[in-house]
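Hi everyone, thanks for making time.

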Amino acid sequence: MEQDLIRERYDLSMARIQEILTEETVPENYRDYFRKVTEFIIQCGEVLKAKEDGSLDQMTLEEGRTLNHKLYVDVLPENYETSYTNPAYAVKTLGEEYGKLLSYLYAEIRGDIIYAFEGRVLDLVIGNEALIEIYNLFEGETLPAAKEIKDVLYWSASDYCDVTLTYRVQEGVDPKLDFAKKIIMESDLSDLSYLYRFGAYISPEEEKTAAFLNSLPEEEIRKMADTYTDGYIRGFEVMGRDLSKKKTVSVRYPIGFERMVRQAVKNFESAGLSVIFCRSAVGSINRNPAGHSGYASSSPNRQYDYDHRYDSAVYMDKAFRDRKIGVLKTAYEQYKEDAVAYAGPAVIETFGEPGFDPVNKPEAWAFTEKQQNLYLEYRNLSMPVVNEYIPGDETSFTIIAFPVPAIGELFPEIFKETIRINTLDYELYRDMQQKIIDVLDTAEYVEITGKGENQTNMQVQLAAISNPEKQTKFENCVADVNIPLGEVFTSPKLAGTNGILNVGTVYIGDIQYRNLRMEFKDGRVVSAVCDNFVENGVIDQEAGHRLIVQGIMNGHETLPLGEFAIGTNTTAYAMAEKFGILNRLPILIVEKMGPHFAVGDTCYSWSEDSPMYNPDGKEMIARDNEVSILRKEDVSKAYFGVHTDITIPYKELERISAVHTDGTKTDIILDGRFVLAGLDELNRPLDEK
């Protein structure tokens, strides 16, 4: 009966929207906006019909391309300057009072593409009814106040939070939601028309990637999938966690990798795990301004995504924050059996896209200081809720990365080389990294200095160990949760950790940061700038600072240093230098190519009390710092939900030295080369590149 009522509401709303298309009952200068949005809704209504009669699954490749372009054409870069989804254009044509609000509404309604493909009728109703209610306001004798429009949007988000947020929780833990899994496991992957059944934007990149994977021998596909799934399973073994208690794993991957993912599903199922495919969040209520998680395709327009990253500012207030926390608790209680069975995510990332230079538009929504604090408070309040139902000390993860064709004409060679660095000799690196750890265990702190233009000058204070025979300060990280292998890492002591961290260029998420500089005092960030915004030869450091706060620090003005590591994967570095792609690699690989520093939580957040042992049997005791230990008094002060790695490549590095309590130093890296005895093998790729 409930579904019948939802369908009735949908049919009524669509009938009204059809009328809007031809009416002239609102002032003329707003008609074009409402016509464009209703035309889009009607297009999505046709997609829903095709979904329900089965014709959507029968599309040819050319039909899929045509439909995909039709649905996404309005936000493509060549059309975006005159699209109402562009807040700058909306403000210019609709006025500042209405433009931002109506641009937000259109961006929210564009989620209809996904809702139609997945048959989520209630989500379509929510957008339809909000549009109709606002349209009715414009039909009055006088124009509505902006507050009236904002109230409609606020209550639409708040009233339906129990629908939108609850579904997000469900799709993260419930394997019965198998929309994507059916496409992946049942399609003829040699017919690329299957790509267009996801509903996501499909660019030539996705087609090229899928075609390339189809060209690989089955043995190569198995090797890729086995490295990925074996690393995930090995992560539970390394962490001493019982995988047999779990029943599901979430696969997050870029569309186009279905051939590898299909084999990974088979591998996981052989290990007793059902696979969940959770799409990257669609609506603003579930999106993270700092990035996305879930399966996804390339963006039709990264500036569009950037412009709408803070759309939740439309409704973010204390009442909404409290409402959202209440719904989150109820949702996890509803799906608690699925949640406790969830083992954690297995992630595939890609690299090779050109850099993105965002434009900060004053017309785009942005948090006020009060809203920023409310957003951060929500994150702090939500983490204990999630941890209650999905305990962090019972889950694990793995991450692996591959290039996409956008990296250039040498893509096939780079892809092949990436497979090689993802499958390096576990035991060889384990033993070499242990030599580094043996020295670091005798150090009081580590000094890191840059070379040439790199201004890095950091002192990282290390935890103390009371029993050197049984304890260690650094984890020996090989190929398990974090692929490729190649690092030793610790949670630094904050007191005494000081200095400047500088890197010439680094990719974090979709954004390439240029000349990134962060200063630390007692382990906390006290300043952060970059050179991304230059006008008339003048660097706008304030804009650079805001970009770092948004993209690296997830809204926090300061964060502690949660991790210090030394990467040992010189093979990956040599590959990057050989192909000239150092500035195109993801942090997942770059972090293995020099020392890296993570701002935010430690690597052990939510599981600090679970013992961790290195391959040599010693317990890694540096799992806490002065912030994370606050969980014992007030958990809301202990975590930030952020862990962002920043790496200095070998070529920008002068020295890494272990400094002992008597003031003597042992060099580990000097002039970009490993100088400890027994590490000659790490220098070989540097000599051969």
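**The overall picture**

So, this protein has 24 helices and 21 strands; helices are DSSP runs of H or I with at least four residues, strands are runs of E with at least two, and both are numbered from the N terminus. Its radius of gyration is 26 Å, close to the 26 Å that the globule rule gives for 689 residues, so it is as compact as a globular protein of that length. That radius is taken over C-alpha atoms, and the rule is 2.2 Å times the number of residues to the power 0.38.

Before I go on: this is a predicted model, where local features need pLDDT of at least 70 and side-chain atom pairs count only at pLDDT 80 or more, while totals for chains, interfaces and linings use all residues. Residues are numbered from 1 along each chain as its sequence is written, and side-chain values use heavy atoms, leaving out hydrogens and water.

The C-alpha trace spans about 85 × 50 × 50 Å along the principal axes. How many of the 689 residues count as buried? It's 60%, with buried meaning under 20% relative accessible area (1.4 Å probe, protein chains only).

Now let's zoom in on one residue. Glutamate 207 sits in helix H12, residues 204–215. Is glutamate 207 buried or exposed? Buried, because its relative accessible area is 12%. Leaving aside residues up to four places away in sequence, glutamate 207 touches Leu61, Arg65, Leu192, Leu195, Tyr196 and Ile202, where a contact means heavy atoms within 4.5 Å.

Notes
Buried means under 20% relative accessible area, exposed over 50%, partly exposed in between (1.4 Å probe, protein chains only).
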